[in-house]
Amino acid sequence: MAISQWVKESVGYEIYPRSFYDGNGDGMGDIQGIIKKLDYLSDLGINLIWIGPFYPSPLDDNGYDVSDFMNVDPQLGTLADIKQLIQKAHQLGIRVMFDFVMNQTSDEHPWFIESCQNKNSEKRDYYIWQKGKSQNRPPTNWGSFFGGSAWKYDKQSDEYYMKIFSDKMPDLNWSNPKVRFEMGKVAKFWLDLGVDGFRMDAIAHLARDMKFVDSKKKKIDGVVGDWSKFSNRKELYTYLKQLHQEVFSQYNCLTIGEVGGGAKIKDALKYIPSIDMVFNFDACWCLTADNKVDVMRLKNTINYWITNSLKHGIYLPQYWLNHDHPRVMSQYGSQKYFKESGKALALLLLSLYGLPFIYNGEEIGMQNALYDKLSDFKDVSSQNYIKLNAHRLSEQEMLNHLRNNSRDHGHLPMQWTSEKYAGFSVKEPYLKVNLDYQKVNVAQQLQDKDSILNFYRQMIQLRLNSKWSEVLQSGDFELIESQHPQIFGFRRKLNNRSLLVLVNLSEQDTTYSVAEGEIIISNIDSHKPHSLGAYEGIIMREQE
Ligand code: NOJ
């Protein structure tokens, strides 16, 4: 599917709504909060936002457990607020994408309640029910993404329902045409309200192995983490094709499906006739054993996806992190070279081939939270980790793990000012703010001309509104200094115009051999020819 020109001319920004800005002073971010900050986003220069789930939800999994797909969680606002948000964003030239949660509902969704209560109801088959193998033994040995079995026993009907995430998130049965019809209605509802597209949650899992046979792979903690039983299976491409024909093709919308870590280019190409793009996780977690960025792996991974995108005529999103990941500054950046590394990551991201997405807080270099109590970690997967490991690991070991790995870092309240609660709210936020907010916040960086935030702005300008925009948006991509263990370098070329991008992703100075050119942008004051200091990044115009 050919990608619309406007997509190439976009820079995206993901908003995690409960942690972005609290507009009504109850300690949780909301829709009015987002509306209040749209001018900030417009000033940053982005022109596309993806807003995470804001639907009614018991919040077992941060809103991905939806109890009403066509409404707004009253704690976050109303449908009128959503309309206002879309309208104001459009006035500012910002397109809006919502998160379309497709794989599951909450167990408090009326469909599931009816499904449990009445085996003869048509809603029974909206979910995946199976008899246990025997007493206390689920239908299969499959594990779930959040730990434990992929099945949950329901006493009332003496059967198990499938749930590949948490117990409170029963999986929808997409093999049932009625489910597909209902979910198509959900998409239409939001498109008719004016939204410009969707990030489609967990679409890789919509089809499962309906033979329900045990996996032969190795068991760990009593279950088998065999994602092939419910990932990238062929039936799901038919479901997406139908959705495209009946819904998406009727609108000028952008669809980006989350396909996770298992997908390769051949899988991406199977999705793309029905949706525009896929998000995979390959550029995340490229870390060495001592938790430093693994430069070789990172650049080879990105190179794999970009060269294949160019070869097959597709365009894919690029991002360092989303709401499921720790902060990129704590993974690929440096405490010691805070500013340099934050800017180096901006320079890289915004000069790649593909649609860049910035994650809220990335533009000021937000870092992982150094919480000192296990109870500060609230995410369902962090809590499950604690439950599963409490008998074998010390508190300190679990803390160390969560400080590097928890999804809570991605959920941290946005650090707007140095005031109490980081200016996120006037009330104690639902999730503790990070301790560094007095040093790392938007207000301070708006004032500092040399801040990470202002560098993001400059890079976005270069990408969208400069004489180099076309080269950055559409030019070819070729790795340079490809065997260099510290430098991520590449050439972007369109017709006879070409740029060289060179970034030292380490704390040690280093040298490179490509010819010098005129410097277009750099994250340090003075560049020495053929050398890059710690986290120095430059873009040079290559001599013709
Ligand atoms: C992927 C989402 O990004 C994640 O946050 C969520 O927990 C699962 N899908 C389940 O919806």
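Modeller: Happy to. In this predicted model, a polar side-chain atom of Q104 lies 2.9 Å from a ligand oxygen atom. H323 also reaches the ligand, with a side-chain N or O atom 2.7 Å from one of its oxygen atoms. For R407, the distance between a side-chain N or O atom and an oxygen atom of the ligand is 3.0 Å. The ligand would expose 290 Å² taken alone, and the protein buries 97% of that.

Q104, H323 and R407 belong to a surrounding set that also includes D61, Y64, F146, F165, M169, R199, D201, E258 and D324. By class, this shell divides into 6 charged, 4 nonpolar and 2 polar residues.

Strands β7 (197–201) and β8 (254–260) and helices α11 (380–389) and α12 (395–405) each supply at least two lining residues, with α11 giving the most, 6 residues. The lining of this pocket has 22 polar, 17 nonpolar and 10 charged residues.

As for the second largest pocket, about 600 Å³ of space lies there. It is lined by 29 residues, with N291, M329, S330, Q331 and G333 closest to its centre. Here α12 gives the most to the lining, with 3 residues.

Terms used
Residues numbered from 1 in each chain as written. Predicted model: local features only at pLDDT ≥ 70, side-chain atom pairs only at ≥ 80, totals over all residues. Heavy atoms only, no water. Near = heavy atom within 4 Å. Polar contact = N/O pair within 3.5 Å; in protein donor to acceptor, adjacent residues only side chain to side chain. Areas by Shrake-Rupley, 256 points an atom, 1.4 Å probe, with all protein chains shown as cover. Nonpolar A, V, L, I, M, F, W, Y, C, P; charged D, E, K, R; others polar. Helix = DSSP H or I, 4+ residues; strand = E, 2+ residues; numbered from the N terminus. 1 Å grid on protein atoms, 1.4 Å probe; cavity = no way out; pocket = protein on both sides within 12 Å on 5 of 7 lines; lining within 4 Å. Points joined across faces, edges and corners; volume = space filled by probe spheres on them.
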